[in-house]
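Reader: Could you zoom in on one part of this model and walk me through it? I'd like a single spot and its surroundings, told in one go.

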Amino acid sequence: MLRDPLVRNSLFLILTTGLGAGSGFFFWLIVARLYPTAEVGQASSLLSSVALLSYFSLFGFSSALVRYLPTSRNRAEDTSTAISSVFLCGILVSLSFALIGPMFADELGFVRSSWTHVLLFVLLATGAAVNLLTDSIFVACRATNSNLLINGVFMSIAKLALPALAVPFGAFGIFAASGIASAVAAVASIVVIRRSLRIRIRPQISWAAIQGMLKYSLSNYLSGSLNLIPQIALPIIILHQLGAVVAAVYFVAFQISNLVSSASYAIGESLFAEGSHESGSLRVLALRSGKLMLAIVGAGVVVVTLLAKPILQLFGAEYAETGTTTLILFTVSSLAVAFNTWANFLLKVRRQLRAMVYANVVFVVVILGVALYKVPDGLNWAAAAWGIGNLLSGLVAGAALLPRGRRGNVRTAVQP
C-alpha cells in the first residue's frame with residue numbers, strides 16, 4: 001500500500017496535520033503559562049485573522065498549482081509566478097489589515113504601535129501565506145514527505161521553542177513566535193523545492209502563466225471563500241443566540257470533530273494531485289480514494305463517538321455535560337464532510353468549476369438557513385446544520401459528476 005502514491009501522500013499529509021495540531025495544542029499550553037490571559041486573547045484574535053489573511057492572499061493559486069504543475073512544461077515559470085504573486089498579494093492584504101484593522105478592533109492596536117511592528121507583521125503574515133502555497137507545491141510534486149519534515153517536524157519544534165524567548169514583547173511576541181516559525185518554514189520549503197525538486201524559483205511574474213491559471217484560480221478562490229463563510233458565521237450565531245459558555249462548548253466540539261475530518265481533507269488533496277497526474281484512470285482513483293476515506297474517517301468516527309464524554313471531561317465537567325451529544329453529532333457528520341470533500345475534489349480534477357461553485361452555494365445556504373432557524377432551540381442543531389449542509393452539497397457535486405445520460409435520469413426520477 002505504501003508504494004501507492006495516493007496512500008503514501010495521504011498518510012504523510014495526515015501525519016503533518018496531526019503534528020501541526022499537536023504542536024498547536026502545546027504552543028497554547030506554553031503561552032498560557034508564560035503570558036497574561038489578556039495578551040493570550042489579543043494574540044489568538046490576531047493569529048485567527050492572519051489565517052484568513054493568508055487564505056485571501058493565495059487567490060486560488062494553491063489549487064491551480066496542484067492541478068497544472070504535474071503536467072506543466074514550464075514548472076519553474078508557473079511556480080515562480082504563483083509564489084511572487086502570493087508574496088505581493090500578501091504584502092498588500094496584510095499591510096491593509098495592519099493599518100485599518102485596529103480601527104475596528106481596539107484590542108489589536110498593538111499591531112500598529114510602531115512602524116517596526118507593522119513591518120514585522122506584514123513580513124510574517126506574508127510568510128504564512130507563502131508557506132501555505134509551498135504546501136501545495138509539495139502535494140503537486142508527490143513530495144509530501146518533505147512537507148512532513150518541514151511543516152510537521154521542523155516548524156513544530158520552532159513554534160514550541162520561540163514563545164519563551166518572546167515574553168518581553170507581550171501579545172506581539174506570541175504572534176511573532178508563531179509567525180517566525182511559519183516564515184522560516186516557507187524559506188526552508190523554497191530551498192528544498194529548488195534543490196530537491198529542481199524547480200528554479202525566481203522573483204518573477206509571467207503574464208502567460210497567470211493567464212493559464214487565472215480562471216481556475218479565481219473559481220477555486222470563490223468556492224473556497226464560500227466554504228469559509230459557515231465556519232466564520234456559525235460561532236457568531238451561537239454566541240449571539242446561546243451565549244459565551246455554549247459558544248466555548250461548540251468551539252471544542254467542532255475542533256475535535258475537525259481532527260477526524262482532517263483525514264478526508266488530506267486524502268482529498270492526494271486525490272487531487274494524483275488525478276492531475278493521471279486523469280485517464282480517474283474512475284479507479286476515485287474508488288480507491290473513497291474507500292480509503294471511508295476506512296480512516298469511519299474508524300475515527302467510531303473512536304470519538306465511543307469516547308465523546310471522557311474526551312470532553314478533559315476540558316471540564318461542564319463541557320461533557322453540555323456538549324457530549326453535540327460532539328457525537330459533529331463527529332458523525334464527518335462522514336458527510338468526507339463525501340462532500342471527495343466529490344468536490346473530483347470536480348476540481350475534472351475542472352467542473354461552475355458545479356463546484358454551485359455545490360458550495362448550497363453548502364452556505366443550507367448550513368446558515370438551518371442554523372439561523374433552529375440554533376435557538378439548542379446547540380445540537382448547529383451540528384445537524386453542519387452535517388445536512390455537507391451532505392446536500394456533496395449530493396449536488398456528485399450529481400454533476402454523473403454522465404449526462406444518468407444525470408438526466410436522476411432529474412426525471414425526482415420530478416413529482
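Author: Let's start with a polar pair: the backbone oxygen of Gly 90 sits 2.5 Å from a polar atom of the Ser 94 side chain. That's a polar contact, meaning a pair of N or O atoms within 3.5 Å; within protein, one must be able to donate a hydrogen and the other to accept it, and residues adjacent in sequence count only if both atoms are side-chain atoms. Bear in mind that this is a predicted model, where local features need pLDDT of at least 70, side-chain atom pairs count only at pLDDT 80 or more, and totals for chains, interfaces and linings use all residues. Residues are numbered from 1 along each chain as its sequence is written, and side-chain values use heavy atoms, with hydrogens and water left out.

Ser 94 belongs to helix H4, residues 75–104 (helices are DSSP runs of H or I, at least four residues, numbered from the N terminus). Its relative accessible area is 1%, so Ser 94 is buried (under 20% relative accessible area, with a 1.4 Å probe and protein chains only). Leaving aside residues up to four places away in sequence, Ser 94 touches Leu 53, Phe 121, Val 122, Ala 125 and Thr 126; contact here means heavy atoms within 4.5 Å.

Now for another serine: Ser 72 lies in the loop between helix H3 (61–68) and H4. Ser 72 has 18% relative accessibility and therefore counts as buried too. The side chain of Ser 72 makes a 2.6 Å polar contact with that of Asp 78.

Methods: Helix = DSSP H or I, 4+ residues; strand = E, 2+ residues; numbered from the N terminus. Buried < 20%, exposed > 50% of the residue type's maximum accessible area, 1.4 Å probe, protein only.
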